[in-house]
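Subject: Structure for you to look at

Hello,

Here is the structure I promised. Please open it alongside this note; my findings follow below.

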Amino acid sequence: YKCVRDSNSADLQGRAYQIITAIVRSKVPLPPDADLNVSALVTFIFNQKLGCKKSLCPTVLGSIYELFGAIAQHYPANCSASTINSVLRNVLAELKNQLITAKDVKTPIIEGCMMALKGMLVHFTRDYNEDPENSKEIYSYVQKVCAFQENTHRKTFQRAALEVLTVHLDQMWKWALEDYRWWLKELPIWAGRQGQDKYTGIDALRAFHRRCWTHLTQCTESLADKEMARLLLDHYMQTFTDPCAAAYDLQLAVEGFGALASVASRLIEDHDQNFVTLMFRIILQRAQTDYTKSEDNNTEQLGKYLESLSNICRELKTINTDQLAALQQLTRLFMANYPHNNKRTQS
């Protein structure tokens with residue numbers, strides 16, 4: 001631990017913590033005489049570092065929180081429940097200070113806290129049923145950080161919050177469900193960005209849509225659930241008619257129609273007897289346009305179309321001969337282009 005001593009510069013300490021974090025995440029077997037002992041590291045962080053955190057540089061403190069999250073995720077046996085609870089209190093107090101109280105916000109601390117939550121919540125869950133108070137507080141901070149800010153140049157701390165949402169949405173679903181309209185408007189902004197913002201945003205957007213699908217397939221026929229189903233299905237419908245729709249949006253629409261076929265039949269059918277049939281026709285027509293009428297031989301996404309069509313077929317009472325023929329043609333095309341391994345397995 002020579003590099004993380006207080007006598008060293010903040011830059012050197014920060015780099016040292018980043019290296020230790022990378023080693024912890026890699027779970028590379030260490031030699032018996034290695035200086036890195038996880039149990040000793042937890043004690044070192046908890047007793048010597050977090051005990052005097054006010055004297056630490058923001059980048060160093062953020063790196064310490066991130067390291068602890070990595071340890072909690074990959075070496076949970078080395079973290080006692082009391083230590084986890086204490087660190088969680090520290091993290092939530094830091095977030096409250098940075099996001100509500102402080103005038104001079106230190107984004108490295110926010111990023112470190114979010115990465116700590118991402119790691120800790122893997123094994124030390126804070127589900128809304130078992131720990132509603134902490135779950136709601138965690139959610140409120142994640143939502144606050146995820147709110148897109150155009151004037152913020154370095155958005156790494158916001159991407160960290162998006163990652164927490166992506167990985168641990170189930171634990172926060174009760175609260176996220178109440179704000180689902182906000183998320184369905186906010187996450188596409190991130191997905192429409194460039195670079196790493198885009199990739200992180202797309203992951204979060206997909207995770208949220210899929211959680212909505214799970215909720216709707218398990219829901220009752222409440223007015224709120226009908227409104228959510230209609231909102232999503234209308235969005236997917238518009239995506240298919242939008243010539244400028246992004247590839248990730250189109251993929252979500254294809255998967256969404258399939259995932260919500262039974263929901264549409266159950267919740268939407270009373271208002272529009274042809275809605276499920278319309279879903280089937282839209283996807284079938286798009287698949288034919290993209291794959292049987294195109295010179296592009298890339299059929300990588302065709303399987304998702306067929307899976308979606310299969311789910312919708314279960315909700316249809318009849319399928320005409322032309323539709324069956326089109327399905328057969330698409331299936332043959334998919335099987336003909338399915339990757340095969342010509343090398344025989346050697347015994």
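Tyr-236 is buried, with a relative accessible area of 1%. Please keep in mind that this is a predicted model.

Phe-257 is buried too, at a relative accessible area of 0%. Both count as buried because the cut-off is under 20%.

Now the aromatic rings. The structure holds nine aromatic pairs. One of them joins Phe-148 and Trp-190 edge-to-face. Their centres are 5.1 Å apart, with 80° between the planes. This pair links distant parts of the chain. Phe-148 sits in the loop between α6 (132–146) and α7 (156–168). Trp-190 belongs to helix α9 (residues 180–191), and 42 residues separate the two. Phe-148 is buried, with a relative accessible area of 18%. Trp-190 is buried at 0% relative accessibility.

Tyr-236 and Phe-257 also form an edge-to-face pair. Here the figures are 6.2 Å centre to centre and 85° between the planes. Again, distant parts of the chain are linked: Tyr-236 lies in helix α11 (residues 223–241) and Phe-257 in helix α12, 21 residues apart.

Tyr-139, Trp-173, Trp-182, Trp-183 and Phe-208 make it up.

Last, Asp-249. Its place is in helix α12 (residues 247–259). Is Asp-249 buried or exposed? Asp-249 is buried, because its relative accessible area is 18% and the limit is under 20%. Leaving out residues up to four places away in sequence, Asp-249 touches Leu-205, His-235 and Thr-239. Ile-202 is 47 residues from Asp-249 in sequence, yet their C-alpha atoms are 9.0 Å apart in space.

Best wishes

How values were computed:
Residues are numbered from 1 along each chain as its sequence is written. This is a predicted model: local features need pLDDT of at least 70, side-chain atom pairs count only at pLDDT 80 or more; totals for chains, interfaces and linings use all residues. Side-chain values use heavy atoms; hydrogens and water are left out. Helices (H or I, at least four residues) and strands (E, at least two) are DSSP runs, numbered from the N terminus. Buried means under 20% relative accessible area, exposed over 50%, partly exposed in between (1.4 Å probe, protein chains only). Contact means heavy atoms within 4.5 Å. Rings of Phe, Tyr and Trp (its six-membered ring) pair if their centres lie within 6.5 Å; planes under 30 degrees apart count as stacked, over 60 as edge-to-face and the rest as tilted.
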